[in-house]
Amino acid sequence: MKCVITFFNHFGAVRYKKEAERSGWKVQLSPVPRSLSSSCGTCVFCDTLDADPRERITDEMEQIAVEEQSGDGYRTIWRAEES
Amino acid sequence: MSKSGKFDIIIAGLIIGVIASLLVLFGNPANMGFCIACFIRDTAGALGLHQAPPVQYIRPEIIGIILGSFAIALAKGEFSPKGGSAPLTRFAIGFCVMIGCLMFLGCPFRMIIRLGGGDLNALLGIAGFVLGILTGVFFLNKGYSLKRTYKLAATEGGIMPAVSVVLLVLLIAAPAFIHFTQPEGGPGAKHAAIAISLIAGAIVGILAQRTRLCMAGGLRDVVLFHDFRLISGFCAIFCACLVMNLILTAATSGTYFHLGFTGQAIAHTDGLWNLLGMYVVGFGAILLGGCPLRQLVLSGEGNTDSAMAVLGLLVGAAFCHNFGLASSGEGPTANGKIAVVICICVLAVIASVNTFAKNDS
């Protein structure tokens with residue numbers, strides 16, 4: 001299942017990508033999908049088959065969402081406190 | 001909205017470009033159907049924050065953008081009051097961005113509109129804007145951050161829309177303490193009817209909120225991700241303005257398109273300072289996370305950090321006219337040149353402190 005992780009800042013996404021790739025995950029940096037948020041930051045796309053991103057939460061992460069099975073939109077499965 | 005949204009943003013850009021040209025037909029200054037910086041500057045003058053009689057008018061377009069964004073965000077469940085990400089730093093960056101805008105005589109939005117009207121000075125502006133964005137992206141990739149935002153009470157996010165309503169009441173009531181440029185007294189006297197400007201602003205606010213249209217974000221996404229979605233909106237505005245201006249020039253007695261560097265409306269021909277002014281704007285916009293239009297739209301969505309940037313733009317505009325920093329059709333001022341150099345230094349310090357100092361801690 002495709003998963004998207006949003007961050008409070010661009011470098012949080014860059015740092016997450018580097019660390020994830022060190023662990024062997026296939027991840028990709030991208031602008032945050034409009035259907036997920038009206039904010040225009042940087043996100044990381046990954047596949048939950050590689051690993052569960054909820055096991056690697058950082059202070060810079062804003063939310064984790066998975067793509068709906070219909071392929072139309074995303075469902076948030078984790079969100080940082082007070083965000 | 002389509003999943004990629006590319007088609008939507010092109011349509012939105014075309015509509016916005018047409019609106020910008022029509023606003024000139026309906027009375028706005030030439031090549032200034034929209035200019036976020038100029039319109040905030042005019043509003044600052046109307047409120048008595050500066051004493052430059054030619055540029056004093058509460059521009060309904062600004063009110064419309066904020067209220068349009070607010071209304072569509074509420075309707076779509078995207079009104080999200082938040083803030084707390086270095087508000088005073090954002091105020092300072094907004095202040096610097098306005099000084100850059102008033103050196104060039106326009107925000108990134110007007111830069112495209114000017115180019116669509118044949119003003120080739122905008123090409124120097126675009127060059128500076130791109131260089132500023134590249135500088136900002138350098139810091140982004142090195143770790144620049146103004147730290148996270150936090151959820152706020154709905155009342156906090158509703159302040160900017162409420163202030164917009166108050167401004168609209170002041171514009172319509174026109175009490176004696178609000179300053180208005182006298183007829184034929186300057187650009188502030190040239191404006192479309194209030195209802196037309198307000199509706200135009202609201203449409204732009206709605207479209208920009210739905211598509212996340214951002215002049216700086218478009219170039220940033222091309223550099224960072226080779227993603228051309230946002231910049232396609234930018235290009236669509238230019239195309240629509242160009243075509244509309246050519247049509248209006250042919251169909252009316254007015255001149256809406258004049259190709260060249262000289263004889264352009266509310267513009268000067270000093271290439272170096274056009275470039276440096278927009279360098280400040282591009283650099284500052286990346287540090288803020290969006291151009292002045294985007295800051296207005298986000299403030300309507302309840303983002304108080306963007307509201308602080310807008311207040312920085314407002315106060316910066318007042319300083320520009322109180323201390324002779326703003327350019328005119330005759331060119332930049334000595335004070336303005338010094339201010340732009342100081343702004344470049346200030347932005348470099350802000351970027352460095354929020355990049356390298358944090359990484360060391």
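At what angle do helix α3 and helix α13 of chain B pack, and how far apart are their axes?

Guide: Happy to. First, some housekeeping: this is a predicted model, where local features need pLDDT of at least 70, side-chain atom pairs count only at pLDDT 80 or more, and totals for chains, interfaces and linings use all residues. Residues are numbered from 1 along each chain as its sequence is written, while chains are lettered from A and ligands numbered from 1 in the order in which they are written.

Now your pair. Helix α3 (residues 60-75) and helix α13 (residues 292-300) of chain B pack at an angle of about 50 degrees, and their axes are 7 Å apart. Axes here are lines fitted to C-alpha atoms, for helices over the stretch in contact, and angles run from 0 to 180 degrees between N-to-C directions. That angle makes α3(B) oblique to α13(B); under 35 degrees would count as roughly parallel, over 145 as roughly antiparallel, 65 to 115 as roughly perpendicular, and the rest is oblique. The crossing of the two is right-handed, a label used if the near helix is turned clockwise from the far one by less than a right angle, with anticlockwise being left-handed. Helices (H or I, at least four residues) and strands (E, at least two) are DSSP runs, numbered from the N terminus.

Who touches whom? On the α3(B) side you have I62(B), I65(B), I66(B), L67(B), S69(B), F70(B) and A73(B), and they meet L296(B), V297(B), S299(B) and G300(B) of α13(B). Contact means that the C-beta atoms, placed from the backbone, lie within 7 Å. Sorted by class, that contact has eight nonpolar residues, three polar and no charged ones. For the sorting, Ala, Val, Leu, Ile, Met, Phe, Trp, Tyr, Cys and Pro are nonpolar, Asp, Glu, Lys and Arg are charged, and the others, Gly among them, are polar.

α13(B) has another partner, helix α9 (residues 194-211) of chain B: their axes come within 10 Å and cross at roughly 90 degrees. The two are therefore roughly perpendicular to each other. G205(B), A208(B) and Q209(B) of α9(B) make this contact with L293(B), V297(B) and G300(B) of α13(B). It divides into three nonpolar, three polar and no charged residues.

Elsewhere in chain B, helix α4 (residues 87-104) and helix α12 (residues 271-288) pack at about 155 degrees, with axes 7 Å apart. That makes α4(B) roughly antiparallel to α12(B), and the crossing is left-handed. The α4(B) residues taking part include I93(B), V97(B) and F104(B), and those from α12(B) include W273(B), V281(B) and L288(B). The contact divides into 15 nonpolar, five polar and one charged residue.

Zooming out, chain B has 15 helices and two strands. Its C-alpha atoms fill a box of roughly 60 × 45 × 45 Å along the principal axes. With 361 residues, a compact globule would have a radius of gyration near 21 Å, and the 19 Å of chain B agrees; the radius is taken over C-alpha atoms, and the globule rule is 2.2 Å times the number of residues to the power 0.38.

Chain A has one helix and five strands, in the order β-α-β-β-β-β along the sequence. Between the chains, 23 residues of chain B are in contact with 14 residues of chain A. The elements of chain B giving two or more residues to that side are α6 (121-142), β2 (150-151) and α10 (215-225), and α10(B) gives the most, with three residues. By class, this side of chain B has seven nonpolar, eight polar and eight charged residues.

As for confidence, chain B averages a pLDDT of 96, with 98% of the residues at 70 or above; pLDDT is the predictor's confidence in each residue, from 0 to 100. The model scores ipTM 0.90 and pTM 0.95.

Notes
Two residues are in contact if their C-beta atoms, placed from the backbone, lie within 7 Å.
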